[in-house]
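The points are grouped by topic below.

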Amino acid sequence: MSARMLHLLLTQYPGRVALGVEQAAIVLGLSAHTVRAWMREGRLPGARKVGGKWIVPLPELAEVLEPTV
């Protein structure tokens, strides 16, 4: 995971450990529709439904934004 990107996300979303569809869409520069589709298809690692709503943990989102090899 990219520590730099995770730090940026934690700074931008203090107190949060995961983001919902709309927030993840803003971070990824995609539409909410596309992010939901990615979540359903398993293209967004770590994304899962909690209480009927999709969330993606910040560490996994950081890795999508800035992959480590």
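In this predicted model, the cover over the buried residues of α4 includes α1, β1, α2 and β3. The buried residues of α4 are Leu58, Leu61 and Ala62. Viewed down the axis of α4, these buried residues fall within an arc of 105 degrees, so they line one face of the helix.

**Helix α2 and its buried face**

- Helix α2 spans residues 21-28, and its buried residues are Val21, Ala24, Ala25 and Leu28.
- Seen along the axis of α2, the buried residues lie within an arc of 105 degrees, and they therefore line one face of the helix.
- An α-helix has 3.6 residues a turn, so residues three or four places apart point the same way.
- The elements that cover the buried residues of α2 include β1 (18-20), α3, β3 (53-57) and α4 (58-65).
- Glycine 29 follows α2 and has a positive phi, near 70 degrees.

**Helix α3**

- Helix α3 covers residues 32-41, with Val35, Ala37, Trp38 and Met39 buried.
- These buried residues of α3 pack against α2 and β3.

**The contact of α2 with α3**

- The axes of α2 and α3 come within 8 Å and cross at roughly 105 degrees.
- Because angles of 65 to 115 degrees count as roughly perpendicular, α2 and α3 are roughly perpendicular to each other.
- On the α2 side, the contact is made by Val21, Glu22, Ala24, Ala25 and Leu28.
- On the α3 side, the contact is made by Ala32, Val35, Arg36 and Met39.
- The residues of this contact divide into 7 nonpolar, no polar and 2 charged.
- Val21, Ala24, Ala25 and Leu28 of α2 take part in the contact and are also buried.
- Val35 and Met39 of α3 are likewise in the contact and buried.

**Leucine 10 in α1**

- Leucine 10 is part of helix α1, which runs over residues 3-12.
- Its relative accessibility is 39%, so leucine 10 counts as partly exposed.
- Leaving out residues up to four places away in sequence, leucine 10 touches Arg16 and Leu58.
- Leu58 is one of the buried residues of α4.
- Leucine 10 and alanine 62 are 52 residues apart in sequence, and their C-alpha atoms are 9.8 Å apart in space.

**Serine 2, before α1**

- Serine 2 sits in the segment before α1.
- With 4% relative accessibility, serine 2 counts as buried, because the cut-off for buried is under 20%.
- The side chain of serine 2 makes a polar contact with the side chain of glutamate 66, at 2.4 Å.
- Not counting residues up to four places away in sequence, serine 2 touches Ala62, Glu63, Glu66 and Thr68.
- Ala62, among these partners of serine 2, is a buried residue of α4.

**Glutamate 63 in α4**

- Glutamate 63 lies in helix α4 and is among the residues that serine 2 touches.
- Its relative accessibility is 24%, so glutamate 63 counts as partly exposed.
- A polar atom of the glutamate 63 side chain lies 2.8 Å from the backbone nitrogen of threonine 68.
- Threonine 68 is also touched by serine 2.
- Glutamate 63 and alanine 18 are 45 residues apart in sequence and 13 Å apart in space, C-alpha to C-alpha.

Key:
Residues are numbered from 1 along each chain as its sequence is written. This is a predicted model: local features need pLDDT of at least 70, side-chain atom pairs count only at pLDDT 80 or more; totals for chains, interfaces and linings use all residues. Side-chain values use heavy atoms; hydrogens and water are left out. Axes are lines fitted to C-alpha atoms, for helices over the stretch in contact, and angles run from 0 to 180 degrees between N-to-C directions. Helices (H or I, at least four residues) and strands (E, at least two) are DSSP runs, numbered from the N terminus. Angles under 35 degrees count as roughly parallel, over 145 as roughly antiparallel, 65 to 115 as roughly perpendicular and the rest as oblique. Contact means heavy atoms within 4.5 Å. Ala, Val, Leu, Ile, Met, Phe, Trp, Tyr, Cys and Pro count as nonpolar, Asp, Glu, Lys and Arg as charged, and the others, Gly among them, as polar. Buried means under 20% relative accessible area, exposed over 50%, partly exposed in between (1.4 Å probe, protein chains only). The arc is that of the directions from the helix axis to the C-beta atoms. A polar contact is a pair of N or O atoms within 3.5 Å; within protein, one must be able to donate a hydrogen and the other to accept it, and residues adjacent in sequence count only if both atoms are side-chain atoms.
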